[in-house]
Amino acid sequence: GGGERHAPGEMIFGNRGGRPPDRHGFGGAMPPGMHGDRRLANVEFSINDMQKCIRDLINVNNQDHKTLQDAMQEAMNHMGDWRGRLSQEMATLKTNYATLLDEHRALQKQMKQLRSWQASASPEVARLQVAQREAEACHRGLCDCLLSASSKLEVPQLRVSSRARAGLTCLDAALSDRQVLCTVAHFSGSSGAAVARLASASRGLGGAHASLASARAQGSLAPPLPSVGQKASGSGAAGPMLHDLDTSSWQAFADFEPSREVLGEWARNEMVQHAFGSFGVQGIMGAPEVVNFSDVYSLFGQIELSIEQFVNKFTYLPKFSSNPKESELKAKANAILRHAALEKVEGEERISSSDVYRLLELVGYPLERFRSIYKSDEDGEGKPETQLRIGSYRIRRQIGQGFHGVCCYLGEKATDSSDRAAIKWPASKEEIAALEDIHNKAGKDVLGVPRLIDHGFYEGQPYLVTDLLGSTLASVFELLTHQPPACRWPALRLVGRLVVRRLQSLHASGYVHCDMSPDNVLVGPAPRGRPGEKGSPRLTLYLIDYELAQKYPGGAKLTPDQGSAEWSSIRSADGGERLPEDDLEAVGWVLLNGLAGALPWFEWLQAAYKDWD
């Protein structure tokens, strides 16, 4: 109680030395028990700092929020502007759509009107087309008359012909009246055929043609009857067609029947032999004695004589005035060819070459005219400087085509047109290498393998040049189909021996063919024998198309679909390396086809090929 007093602010624990207390109220060292209060003060200080930072963040956030609100408001304003513009565009599009719709309706109306006009104009157009065809027929008939008869008719005969033409013009004026035509037909009775034949004399006059056709369609005019001298129709195919043939035309043609001398000129003419020779086995000199009807029609096409024009030369009226069916034309043309044939030929659709010469002379295509037209068709590839050239050869025309765009062309040397060869393009490098290897191993020409004359590149793809050969074995088989089996068998035995010998030579060179077929065996000229040697053959067989040829043994393995499935061996269907036995089995199938015709699996393969492609 009576102790010493301290001054205010002076600590009771001393500070006797006059030291001022520190910031905690102590002078000197802090007592150990006071460290917890210091930590508390530090925490309080940190809280104050954090509160300050939070206030700063709140201020910044408020500012960013305001900025974001301003940006959103500006975006909303822009969206409003775009919405207004889009509304304007939509309104414009609606207006344009309405306009287009109106135009579409107007176009539909116009189209409907045009269809109506077309429907009303179609009969007139058809009539004009008929008139045009009849005028063309008249023009062609006049040209035929002038070309074929000008050298044979004397001046008096020409004058008589002119007076007859004037009389026929008057006849046309009378027959153009339907009532006159029906009256004449009524009074003529059983002589209606004579009236019809009289009217057919003015074939080039369109009015008589139309009147007769209309009268016959309605039964006002009796159908024409065959004349007494007309041939009897023994075959079922020709019978129903001959009643439309103009037998008076046959009688008129008899006056212009070509002589034996004229037919002999046809038979000796080199161009005729070349033209008709293409219908037989190429490589055999001369025309075949008999040709198929289809080959005759092909020849007509080469001289610009359509089947319709040919038929109309032998009928009362132009039988087919518009859009004739090809089957009807062929049936009537077949009947005419049968009727015209003088020589008896086995087979319903075959005619002798001499009868074809006669027909060409009779219908206005004498030898001189035939040569001029057929030559222009043969040599119509253009001038030499404009012809396609592959290597040193000018391309004349295409003579064959294979798979994958491969074509074979007839080419001739640019410096010597008589030097002709076969050019295959694009060819495979494997085929060129195989041909070179085969000939190099043999040291000379291999039996039945065409020579590799040249090879190179054209437009970046390889080509090869070989000997020009003739027809395929398939063409030979087609000719043999008209022979009885007893006659086919000796020919097939000879063909089989020739092909087997060529395969033997090829296999001895270390190769198998891998694609034997009738189309890969060609007829060609035999190699020249030794000087003075007699009895050497003129023709022989060659194996072509070595694209799949493989070395044996050690050749590449082939898949089952490589090669001609019609002739491939049974073993080749499993794939793998091809053997010489596979080539021999394929030859067996080929010969069986030549003897018996189509093999059972041909039809199945034809159906399968559609799915394979």
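Select Asn 292 to begin; this residue sits in strand β1 (residues 290–292). Helices (H or I, at least four residues) and strands (E, at least two) are DSSP runs, numbered from the N terminus. The model is predicted, so local features need pLDDT of at least 70 and side-chain atom pairs count only at pLDDT 80 or more, while totals for chains, interfaces and linings use all residues. Residues are numbered from 1 along each chain as its sequence is written, and side-chain values use heavy atoms, with hydrogens and water left out.

Asn 292 has a relative accessible area of 16% and is therefore buried. Buried means under 20% relative accessible area, exposed over 50%, and partly exposed in between (1.4 Å probe, protein chains only). Now show what Asn 292 touches: leaving out residues up to four places away in sequence, these are Glu 349, Arg 350, Glu 478 and His 482. Contact means heavy atoms within 4.5 Å.

**Two packed helices**

Next select helix α10 (residues 293–302) and helix α12 (residues 326–340), which pack at an angle of about 105° with their axes 11 Å apart. Axes are lines fitted to C-alpha atoms, for helices over the stretch in contact, and angles run from 0 to 180 degrees between N-to-C directions. The two helices, α10 and α12, are therefore roughly perpendicular to each other. Angles under 35 degrees count as roughly parallel, over 145 as roughly antiparallel, 65 to 115 as roughly perpendicular and the rest as oblique.

Show the side chains where they meet: α10 contributes Phe 293, Val 296 and Tyr 297, and α12 contributes Lys 330, Ala 333, Asn 334, Leu 337 and Arg 338. Five of the residues in this contact of α10 with α12 are nonpolar, one is polar and two are charged. Here Ala, Val, Leu, Ile, Met, Phe, Trp, Tyr, Cys and Pro count as nonpolar, Asp, Glu, Lys and Arg as charged, and the others, Gly among them, as polar.

Which residues of α10 are buried? They are Phe 293, Asp 295, Val 296, Tyr 297, Leu 299 and Phe 300. After α10 comes Glu 304, with a positive phi near 65°.

**An open sheet**

Now colour the six strands of the open antiparallel sheet, in the order β3-β4-β5-β6-β8-β7. Two strands pair if DSSP finds at least two bridges between them. The edges are β3 (389–390) and β7 (452–458), each with a single partner strand, so one side of each has no neighbour in the sheet. Between β7 and strand β8 (residues 461–466) there are six bridges, in the antiparallel sense. Select Asp 454 to find one partner: Val 465 in β8. Helix α15 (residues 429–442) lies across β6 (420–425), β7 and β8, and runs at about 155° to β7.

**Cysteines and loops**

How many disulfides does the structure hold? It holds zero; a disulfide is a pair of cysteine sulfur atoms within 2.5 Å. Select Cys 407, whose sulfur is 8.8 Å from the closest cysteine sulfur, in Cys 408, too far for a bond.

Most residues other than glycine have a negative phi, and most peptide bonds are trans. Go to Pro 426, in the loop between β6 and α15; the peptide bond from Trp 425 to Pro 426 is cis, with omega near -10°. Another cis peptide bond joins Tyr 552 and Pro 553, where omega is about 0°.

Finish at Cys 514, in the loop between β9 (511–512) and β10 (521–525). Its phi is positive, near 75°.
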